[in-house]
Each structure stands twice: as C-alpha cells, then as structure tokens.
Amino acid sequence: MPDVNITVDGKKVTAPAGTLLIEACKSVGIEVPSFCYYPNLSLQGACRMCLVKVEKMPKLQTACTTVISEGMAVTTDSPEIHQARKSMVELVLGNHPLDCPVCDAGGECELQDMTFSYGAAESKYIEPKNHREEQQWSPVVYFDRPRCILCYRCVRVCGEGMDVWALGVQNRGVSSIIAPNKEDHLECEECGMCIDICPVGALTSGAYRYKTRPWEMKHVGTTCTHCADGCKTTLGVRRSDSGMEIVRGDNRDKSGINGDFLCIKGRYGFDFADHAERLKQPMIRKDGRLTPSTWEEAFELIGREFSRVQQQDGGQAIGVVGSNRTTNEESYLLQKFARVVLGTNNIDHHRTADFPALAAALTGKPDLTASMRDVFNAPAILLIGNDPTNQHPLLAWQIRNNVRLHGARLYLVNAEPIKLERQATSVTQVPSGAEGRVAAFLAGDDSAADALTGNTNREGWIALRDKLRSEANLIIIFGSEIRGGDVSSLVKFTLNIQGAKLVCLADYANSRGAADMGLYPDLLPGYQPVAQASKFHEEWGAVPQTRGLTLPEMVESARTGKLKAWYVVGANPIGRFAIDPYVFSKSFVVVQDMFLTETAAMADVVLPAANAYEKSGTFTNTCGDLQVVKKAGEVSEVKPDFEMIVRIAAAMGFDVRQLVPFGPGTRMDMGQSRGAQSGEADRHAVWLEARGLEPKMSPFDPTAILDEIQRLVPGYDVPRINLLAGNDQHTSLSQSGPGAAQNPKLIVAAKDDLFSSGTLGRYSRALNSVMENHRNQPAESDVVAD
Amino acid sequence: MADLVSHPDEVKVVSKRFGKGATNLDRYLELDGYKAVQKALAMGPDAIINEVKNSGLRGRGGAGFSTGMKWSFVPKQSPKPKYVLCNGDESEPGTCKDRLIFEHDPHAVIEGVVIAGLSVGSHVGYIYVRGEYRYLSEIMQKAIRDAYARGFLGKNIFGSGYDFDVYWHGGAGAYEVGEESALMESLEGKRGIPRIRPPFPAVVGLWGGPTIINNAETLANVPHIIMGGAEWYAGLGPPKNGGTRLFCLSGHLSRPGVYELPMGYNLKKMIYEVAGGIPNGRKLKAVVPGGASTPVLTADEVDVGMDFDSLAKAGSMLGSGGVVVLDDATCMVKFALRTIKFYQHESCGWCIPCREGTDWLKKTLARFHAGAGLKKDIDNIYYLAENMLGRTFCPLGDAAAMPTMAFVKKFRKEFEDHLEGKPCPYEPLGRTMELPVLAH
C-alpha cells in the first residue's frame with residue numbers, strides 16, 4: 001500500500017495507507033491513551049480516551065477509529081484534549097471501587113496509570129457507587145464486577161481471538177455488565193486471555209488472586225514446559241521456604257512467538273512444582289523399600305553399579321531413556337553420557353513425531369521448515385491430521401488469527417471434525433489412518449486417491465491438489481499421522497510449490513529438541529547415523545558404531561535378562577507404554593523424576609529432579625524455533641538433570657572435562673547472576689557474550705554444552721546474542737545428517753488435550769480442578785440465574 | 001387511538017389521509033394511493049433522486065440531512081444487496097408523529113419505501129416499528145399483506161418486471177435503536193449499539209450492503225413529492241427547508257396534538273393560536289422545541305420560525321418536531337431530572353461519557369430536587385454535561401447534555417431556589433405534575 005504523510009504534534013509521520021491514527025502516533029513514540037483499543041481486535045471507540053484534535057474537524061476525534069489520510073494534521077495534547085481525557089477518567093472512577101490497596105491489578109493497572117497521568121483522583125460525586133457482588137465463573141476465572149470499566153477487551157479476545165465466544169454484555173446503560181454467555185459460568189477453553197487482557201483488576205485468576213503484589217515478584221520470561229509450541233511465559237516468582245514459589249504465569253512479555261497468547265497450561269499449569277507429592281530427597285531401595293538417602297550415597301551407588309555392569313557385561317547391557325521435557329543441553333549431555341561414558345547406543349525416548357524422516361527428506365534441500373511466526377503470516381495453510389485446538393493451542397491461535405486478520409486460506413484434511421473447521425476454506429475428510437495416503441496422493445500418486453473416500457470423491461481430491469499447487473508460500477502442517485515414507489512424499493509435494501514450507505507436529509515441550517539432540521539408538525545429534533564417521537566421532541573419541549536398542553527392544557532385552565541396568569531421565573515408560581513393571585524388577589534401575597511415577601516406583605535409586613522452571617537451558621519447539629529456558633529461581637532439595645548426569649559420570653570415575661567442555665576459572669554461582677532476576681532479557685549474558693567474555697566456569701553450566709551443540713549440531717549455529725536476548729531463533733534441517741528409516745510404530749502420539757499434560761498435568765491442581773469442573777458442569781436447567 | 005386535531009393554518013400533505021380510513025387499501029387507492037409508485041417506476045432512478053433533491057426534503061428524524069443527497073451516496077453497482085430501511089423507532093420524548101402515520105396512512109410508508117428502493121436499485125425494504133407501538137404492528141402488517149395480495153409488492157410489482165419485498169420488524173424497546181446504525185444492529189439481531197462511522201450506511205449498511213435509512217415521516221412525504229413535483233413541495237416551506245412538518249404539540253396547551261404546518265411556521269403562533277394557548281390562566285415558562293434532546297427556549301425566545309436554520313440560529317434545534325410547552329407552575333429542576341432520567345434509562349452503555357455521565361447527572365439531579373443539593377452541584381451538573389457534549393460515541397450523549405446545559409444556563413435561579421434544604425418552590429403551586437413527556 002502507498003504511504004501516507006501526516007503531521008502529529010508538528011512531527012512528520014509516514015505510514016502505510018489504512019493505518020489507524022493511534023498506531024501512526026505510536027510509530028513515532030507519541031502515546032495516545034486508550035482502554036478499549038487493542039491491536040488486532042475489532043475497533044470499539046467506547047472508552048473515548050484517545051480523543052485527539054484533527055485539523056478541520058469540529059469535534060475531537062477518536063484516534064483508534066480514525067484512518068490516516070494524506071496531509072492530516074493532528075494534535076494529541078492540548079488543554080481541551082487533556083480535559084476530555086481527565087473527565088473520562090473521572091467518570092470511570094465514579095463507579096470504580098478504590099480498593100487498589102488490595103486489588104490484584106494494583107501496580108499493573110492501566111486505570112491507575114491514567115489517573116496518575118490525568119490527575120482525576122478527586123471525586124466530584126457524593127452518591128454511593130454502584131456495587132455488585134463478585135462472581136466465580138470457573139475454577140480459574142473470577143470477576144469482580146464493580147471494577148470493570150467495560151472496555152470489552154475480554155469479550156473480543158474470547159470471541160475474535162479464541163473463537164470461543166464465552167463472554168458477552170448483559171443489560172444496558174449504567175447496568176451494562178460483562179457476563180458469561182452460559183448463565184453463571186464459563187464454558188470455554190480456560191485460556192485466561194480475558195484475565196491477561198483486562199486493563200484493571202476486574203477479571204482475576206483463581207490461581208493468583210490475593211497472593212501477592214506485582215512488585216513483590218521477580219518476573220522471569222521463559223519458555224513453557226507443556227506442549228511443543230514453545231510459548232514464552234512470564235513467571236511471577238516469590239521467595240519461599242524451599243527457595244522459590246511460582247505464583248503466577250502470564251503473558252506480560254508479548255515479544256515471544258505467542259504474542260498475546262497463552263493457554264491454560266502456560267498460565268496456570270506451573271503448580272505441579274510445589275505439589276505435596278514432589279520428590280524432595282534421593283531414595284535408595286533397601287530391603288525392597290525405597291528409603292531416603294543422601295545425594296552422595298546415591299551417586300556413589302549408581303556410579304558403582306553402572307561401572308560394574310559396564311565391566312561385566314559391556315555398555316550394551318545398559319539402557320538409557322531420555323525425556324521430551326529436558327533441555328537441549330540435558331538431552332545432548334545424556335546421549336553423550338550414554339555413548340561416551342557408558343559406551344552404549346541403547347538410548348531412546350518417547351517419540352511423538354517422525355523427525356528423522358523429515359530430516360532425511362530435507363537434508364541438502366533449501367530451508368523448508370516454517371517457524372511459528374511464519375504460520376501467522378502465511379497466505380495459505382494446509383493442515384493434515386492433528387487437532388491443534390487441543391494439542392497445539394498456540395498453533396491454533398496463529399492459524400485462526402491469520403485467517404481472521406490476513407484472510408489466509410486454510411485447507412483442512414482430517415479424519416475427525418475439528419474446531420478449526422470454522423476458519424477453513426475447505427474441509428476434506430479422510431478415513432482414519434489414511435492420512436498417509438494423502439501425502440502420497442499429493443506427491444503425485446493418483447492411485448492413492450482410491451483409499452481416500454470420506455466426503456470427497458476422486459475429482460474433489462484432484463481439485464484440492466490443483467488448488468494447493470497454485471498456492472504460493474503455502475505452509476503444510478502435519479500431525480504424527482504422517483510418518484516414514486509419507487513424510488518424504490509430503491516433502492516432494494512441498495518442493496513443487498513456490499515458497500512452500502513445512503511444520504511437523506510433535507507433542508511435548510522439547511520433543512523436537514530430543515530428536516535433534518540424538519536421543520535415538522541409531523542417530524547422533526543432528527540426525528547423524530552412529531555408523532558413519534562424523535565430527536562427533538572425532539570430537540568424542542570412542543563412540544560405539546553399532547546401532548543400539550530401541551525402547552521396545554530394551555524392554556525385551558530386560559525381560560530376557562540381558563539388559564542389566566536402566567537409566568531413565570524424566571520419562572515414565574511403564575506408565576506411558578503399559579509395560580509390565582516386572583521387566584524392570586530384574587535390572588538395576590535409576591530414575592530421575594519429579595514424582596514417584598510408575599517407573600520411579602520400580603527403581604533402585606530415585607533422584608529428585610528440577611523441572612524446566614528451575615533450571616536454565618534451551619528448548620526447540622515443534623517448528624524448530626530455538627528459545628532460552630530461564631531459571632525462575634533456585635530450589636533446594638532437587639537438582640537439574642544436567643547436574644545429576646555430570647555427578648554420575650564423576651562417580652563412575654570419568655573425567656568430567658571430557659563430558660562438559662567447561663573453561664578454566666574460578667568457581668562461582670552463576671545461577672542468579674545469569675540474568676534470571678533482571679527481568680525479560682538475560683542482560684548480563686547479552687553483555688558478556690557481546691564482548692566475548694561469557695564464562696563457562698563449571699561443569700554444571702549448561703552453556704558449556706550449548707557451545708558444543710552450536711558448534712557440532714547442524715542448524716543450531718544461530719546468533720547466540722539473539723538467543724540470550726530472549727528472541728526465538730529458527731533452526732534449519734537442511735544441513736542435518738541423512739537420518740535413518742525408523743519403525744513408524746515407535747511413534748506414539750501423546751493425545752493430551754487442552755487440560756492434560758502427561759505427568760505434569762497429573763500433578764497440577766489447576767488443570768485437575770478445571771477438568772473436574774468440566775465433568776461436573778451442571779445441566780443448564782439446574783442453573784439459577786443471578 | 002389518538003384523537004385527531006386540526007387548525008385552518010394546516011397544510012395537509014403527509015396528514016392528508018389521516019382519519020379517512022386509508023388503512024383500507026381500496027380506500028387508499030381512492031385517495032390517489034399507489035399512483036406515485038407507478039409514476040416513479042416510469043421515471044427511473046436518477047429522475048427520482050433529482051426530484052427528491054430539488055424538493056428540499058430534509059430528514060424528519062432530527063438531523064435534517066438532505067434526503068435526496070443521502071440517496072445519491074448509494075453506489076450504483078454493489079456486489080451485496082442494497083436495502084431500504086424505514087426508521088419507525090420513534091422514541092424521542094415529545095414526538096408522536098410517526099405513530100399517526102403508521103396508524104392512519106400505512107400504505108404511504110410502504111409506497112415511500114418502494115420509491116426509495118427504485119431510486120437506488122434495491123429490492124428489499126424493512127419497516128422497523130418501535131417496540132412500544134405494539135398496537136400499530138397489526139395495522140402495518142395488514143397493510144403489507146394487502147399490498148402483496150394486489151401485486152403491489154413481491155415479484156413483478158405493478159407488472160413492471162421489478163421485484164420488491166417489504167418486511168415489518170418490531171423493536172424491543174430501545175430509544176438508542178432510533179440511531180440509524182444501532183437500528184441496523186438491532187435488525188440484524190444484535191445488541192442495539194451504534195456502529196463506528198465511517199463507513200456510512202449508504203456504503204456499508206444492513207448486512208454489509210448499501211442501505212438507505214430514513215425516518216417514517218420522511219418516506220411518507222416521498223410519494224407526495226413524486227405526485228406534486230419538487231417545485232410545489234419546496235414552495236411549501238422557506239428556502240432549503242422544503243415542505244411541511246408534523247409538529248407534535250404537547251404539554252400545557254389547550255389543544256395539544258399533531259398539526260401539519262409549513263416549515264418555518266412561527267412558534268409563538270403555534271402555541272397561542274394553533275394549540276389554543278396555555279390553559280388554567282397560567283403563563284408560558286419554557287418550550288422544548290424539537291423533542292427532549294433540544295435545548296429549551298425561554299418564554300422570551302419563542303418568537304421564532306420553526307425550521308432547521310432559524311432554530312439553529314436561536315441556539316436550539318428543530319429536531320423531530322416534538323414541541324413541549326411548559327407553564328409557569330413547572331419546576332425546571334424536576335423537568336431536567338425527568339429529561340435526564342429518560343436518557344439515563346435509554347443510554348446503551350457502550351461508551352464511558354454517556355453511560356456514566358447520564359447516571360451521575362440523574363443521581364445528582366434527583367438528590368438536588370429532593371432538597372439535598374449543594375451549591376457546587378449546579379456547576380458540577382453543567383461540568384458533567386459539558387464534558388459529555390461532543391465526546392460520546394453517538395449523539396445520545398449530546399441529546400442528554402445539550403438540554404441539561406440549557407436548563408442550568410437559562411434557569412440557574414430555579415436551581416438556586418432549591419438550595420439550603422428548601423423544598424421545591426414549585427410543588428406548593430398545587431399540582432402533582434403530570435410531566436409532559438409522552439414517550440417512555
């Protein structure tokens with residue numbers, strides 16, 4: 001669009017035609033106040049705070065609804081404008097309770113800020129304020145009605161942003177009130193966006209309300225530990241008896257890939273961290289019972305036993321299971337530990353997507369993966385399988401709002417009806433399990449169409465394929481339904497479309513990282529086959545070159561007594577794969593976890609682990625976006641998996657300098673000064689990195705391994721300074737190793753929904769209370785209206 | 001059913017068929033009914049718009065915008081259907097003219113809607129009738145049914161090959177919906193809240209299609225313009241204020257009622273001659289000239305012509321033609337309170353200044369009139385109204401602010417007379433006031 005020139009307070013401003021005046025002002029640093037205006041939501045013109053003077057217009061105009069036009073001359077501050085805004089604040093405060101000292105929003109309240117700016121704190125009215133009782137709408141959403149200033153942001157974000165439409169306005173005039181559309185409660189996705197977007201303290205969070213004041217918390221911007229989308233979440237952290245307590249998760253830092261968005265898990269699902277059943281002490285099985293022990297005793301025992309098995313039966317008698325939720329540094333370290341220290345390739349994890357097939361198909365090709373940000377801007381999207389609304393809430397948000405704001409075309413191919421159909425240009429049903437045939441058909445195998453009945457005939461499929469081929473810059477997103485050879489078919493199809501890119505959907509926070517870091521029995525980091533010579537072989541020395549055992553093979557091996565020891569880090573194979581626990585009773589089992597899972601209950605040694613909010617590192621989301629994980633605070637009694645791996649290696653008599661290439665220097669605690677306390681960006685680290693001074697002074701410092709990852713893993717050589725500054729950095733698969741064909745049956749989708757999240761979800765009070773509430777929702781006839 | 005009144009000065013155009021049984025279609029045809037539509041069918045769109053433009057017809061809903069101009073803004077080509085909307089959500093206190101049209105001459109409205117449709121190439125019209133006018137809905141619906149039965153509506157009207165459908169729609173009781181964009185929201189089944197403009201209805205209106213929206217009286221005038229010609233119609237009023245006007249004279253008058261008088265007719269004459277003056281030997285205190293939202297005129301200011309431009313010069317507005325006359329036993333504080341109660345009740349609540357402002361005005365005025373007023377309240381009331389004026393989302397806020405400011409400015413002494421716990425000085429004048437507010 002052509003640019004338009006206007007003048008704001010004497011400053012020349014140039015902006016694209018169609019820009020709203022309020023945004024044009026913002027672009028040159030002139031803030032026009034508003035309550036109801038919110039970028040990317042429909043315009044309201046309701047709060048009248050953004051009144052400005054536009055030359056030649058008799059009345060003041062709302063900057064939020066005025067589109068700039070050539071030559072427009074605007075004044076944003078004058079006695080008249082100041083008075084208009086002051087009187088608006090006076091009117092809002094007329095019925096607004098002045099309970100700021102106890103209000104959750106106190107200190108973070110836009111109305112407070114406006115009152116300070118416009119000085120309308122003195123009331124002209126002596127009549128009593130209108131009062132209404134507070135309401136609880138769901139386990140996590142409370143509404144303090146008198147505080148509401150009717151900006152309608154909550155109504156819009158729920159409807160337009162989330163496509164949930166759970167909120168509306170009741171009554172009219174001064175009796176107008178925001179209310180759930182279902183009688184007295186919310187029937188919604190419990191995302192809490194309404195709370196986040198509320199400019200005052202009207203909507204408050206059940207998890208956070210009345211717990212603290214904003215300035216008493218430390219705000220740590222990190223990456224969410226739940227699904228594979230990788231939202232940035234800001235944790236509000238307070239000191240507590242155990243070191244720290246997370247009291248809030250919110251979306252204060254809107255710079256992340258998720259922008260305004262956060263789902264229920266990112267917002268409330270941090271409370272597993274202080275669950276009463278959290279493991280707080282190492283335990284050793286004595287006389288058949290797990291008995292508390294000291295760390296030293298535990299490490300010594302593990303070191304002794306692993307060394308014994310290794311000497312007696314060789315490394316191949318030990319099986320290692322990694323995690324989808326440990327950091328990249330931990331996953332990398334774990335497989336390096338397995339290969340270099342234990343001398344085994346028996347390492348696997350719970351696979352939820354076929355990344356090796358994707359890497360194999362993409363290696364040597366141009367960069368063909370899309371980032372999460374790309375999904376928001378793509379002109380067209382093809383989604384095969386999966387239900388993002390449940391399994392990838394951010395992805396669903398990106399798609400939905402791309403369609404709403406940019407008019408993107410969404411083509412759906414799915415076996416089930418899914419909510420995103422409402423945004424779709426076309427919906428094509430496939431028989432369950434036939435999604436792979438779609439890939440083959442798209443790649444040009446017309447015979448595959450015969451298997452694709454559903455609601456579309458052969459001509460319909462051909463028409464769809466023709467349409468897709470004409471969509472430049474198409475993003476193709478596929479779920480775990482597409483595996484193995486079907487992935488390469490899809491890549492073949494992608495290569496034939498101008499600018500098309502791919503997203504492969506996995507299920508957990510660092511599933512992609514686990515795959516990229518080589519938690520495979522036959523693949524090193526970067527999908528490098530173990531049998532082929534590589535930089536890793538050169539760097540690490542002796543790496544076993546024969547393929548190790550997959551998880552089911554390890555189980556089988558243990559059953560026959562060949563596998564003598566297990567090292568399970570942040571995983572629960574017994575619970576997840578319904579493995580007979582007896583299999584584990586015959587070997588020496590070490591489990592690192594937060595809770596006594598089914599697998600941990602069978603262990604000989606259980607080590608209490610820190611979760612992602614209690615340690616530093618990086619995560620790679622399902623798109624391949626690399627982001628930092630920042631430690632919210634130090635917690636006593638547990639250790640990060642990283643540290644435990646190093647300690648076990650040391651206990652086995654291994655020189656840890658061979659494992660973690662940390663530099664020489666004075667040992668000091670980097671935990672807090674690494675910027676966790678300084679707010680959104682890791683400023684210390686950014687400063688040090690910019691000067692080449694970043695120290696890695698301890699073997700427990702994951703940054704030392706991050707160095708190695710960035711040096712050795714193809715695609716991870718992104719600018720470190722951007723990463724540390726809190727920006728997402730897209731990694732590429734185009735230089736990755738050739739991968740290897742995997743047995744598609746090894747992929748088991750997590751099938752979590754909006755309110756469940758593997759082990760973490762089982763121990764989250766907030767998630768459980770919401771699930772219970774949804775189960776117990778009363779029939780509509782039983783509800784008494786307020 | 002309201003009694004009809006008459007006066008020799010009346011020039012009957014819109015009210016020509018009042019009391020003549022024109023709700024009956026045969027009778028309506030005898031009274032030259034449906035001739036205008038047939039003439040318009042032969043004229044073609046541009047000629048219709050020109051005729052209406054030249055007639056000087058201005059919107060009778062209150063704003064007084066040129067009707068022909070409004071129609072000419074509708075784009076000729078539109079991918080979406082075009083609509084004609086008759087705004088019969090007559091709710092302004094003091095105004096009761098549209099209801100007489102619906103009651104006595106419903107076919108004239110239908111005819112006006114069809115002609116408006118012809119002028120812009122629309123094929124659908126809606127007649128939106130105020131919810132409280134329930135007793136009119138059967139009359140209006142029957143008229144539509146009858147017109148369909150004769151082939152005047154529906155497919156191929158009057159054998160012309162042109163299709164035109166008309167639907168009746170009842171409101172649910174909201175003054176705000178008289179605002180044209182709120183009316184469209186209401187018609188679409190949403191909350192009656194105004195839309196952001198631009199775009200204007202002529203470009204993006206009902207269901208996103210270009211829409212003509214006119215007051216019922218405006219549309220009822222159209223057939224007469226088509227039949228009588230622009231020149232004749234324009235000559236009925238002063239320059240740029242074409243035609244006649246239904247004036248709704250209410251309040252303290254000997255012969256209140258709806259009179260059709262030429263635009264520009266003198267207000268003083270209207271009060272003392274047409275409506276028979278003030279009864280019970282009382283004197284005139286004030287006049288609200290164009291419905292409750294227009295600034296009040298004092299007894300000294302009533303020698304003024306009742307047209308858009310003269311009243312604007314006098315610091316008030318012609319509005320919707322609702323003339324409310326108050327005698328000297330009226331308490332102006334109570335009248336201000338009654339007026340603001342209406343706007344407080346009818347504010348849709350969308351924007352801060354109107355939602356909160358009308359409520360605080362009502363609370364303050366109620367306390368003030370009850371004898372608990374403070375001296376600073378008088379300035380506060382003015383301050384509140386002044387800060388609403390021109391800053392609300394739609395004109396409802398202005399409609400509440402303008403009269404309030406005029407009451408304080410012109411009758412400040414009456415406010416002062418209520419101070420220091422004094423009882424209302426006008427109550428002892430021996431009358432429980434039946435406040436002259438017709439609507440609500």
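In the predicted model, A:Phe306, A:Phe337, A:Tyr567 and A:Phe588 come together as one aromatic cluster. Over all chains, the structure holds 31 aromatic pairs, and one of them is formed by A:Trp566 and A:Phe584, whose rings are stacked, with 4.4 Å from centre to centre and 25° between the planes. Because A:Trp566 belongs to strand β25 (residues 565–569) of chain A and A:Phe584 to helix α20 (residues 582–585) of chain A, this pair ties together parts that are 18 residues apart in sequence. A:Trp566 is buried, at 0% relative accessibility, and A:Phe584 also counts as buried, with a relative accessible area of 1%.

In chain B, the planes of B:Trp232 and B:Tyr233 stand at 65° and the ring centres lie 6.0 Å apart, so this pair is edge-to-face. B:Trp232 is partly exposed at 37% relative accessibility, whereas B:Tyr233 is buried, with a relative accessible area of 0%.

The contact draws on 36 residues from chain A and 32 residues from chain B. Across this interface, 3 salt bridges are found, including one between A:Lys59 and B:Asp398, in which the closest N and O atoms are 3.6 Å apart, and 22 residue pairs are in polar contact. On the side of chain A that touches chain B, the largest share, 10 residues, comes from α2(A), and the residues of that side divide into 17 nonpolar, 12 polar and 7 charged.

How values were computed:
Residues are numbered from 1 along each chain as its sequence is written. Chains are lettered from A and ligands numbered from 1 in the order in which they are written. This is a predicted model: local features need pLDDT of at least 70, side-chain atom pairs count only at pLDDT 80 or more; totals for chains, interfaces and linings use all residues. Side-chain values use heavy atoms; hydrogens and water are left out. Contact means heavy atoms within 4.5 Å. A salt bridge is a side-chain nitrogen of Lys or Arg within 4 Å of a carboxyl oxygen of Asp or Glu. A polar contact is a pair of N or O atoms within 3.5 Å; within protein, one must be able to donate a hydrogen and the other to accept it, and residues adjacent in sequence count only if both atoms are side-chain atoms. Helices (H or I, at least four residues) and strands (E, at least two) are DSSP runs, numbered from the N terminus. Ala, Val, Leu, Ile, Met, Phe, Trp, Tyr, Cys and Pro count as nonpolar, Asp, Glu, Lys and Arg as charged, and the others, Gly among them, as polar. Rings of Phe, Tyr and Trp (its six-membered ring) pair if their centres lie within 6.5 Å; planes under 30 degrees apart count as stacked, over 60 as edge-to-face and the rest as tilted. Buried means under 20% relative accessible area, exposed over 50%, partly exposed in between (1.4 Å probe, protein chains only).
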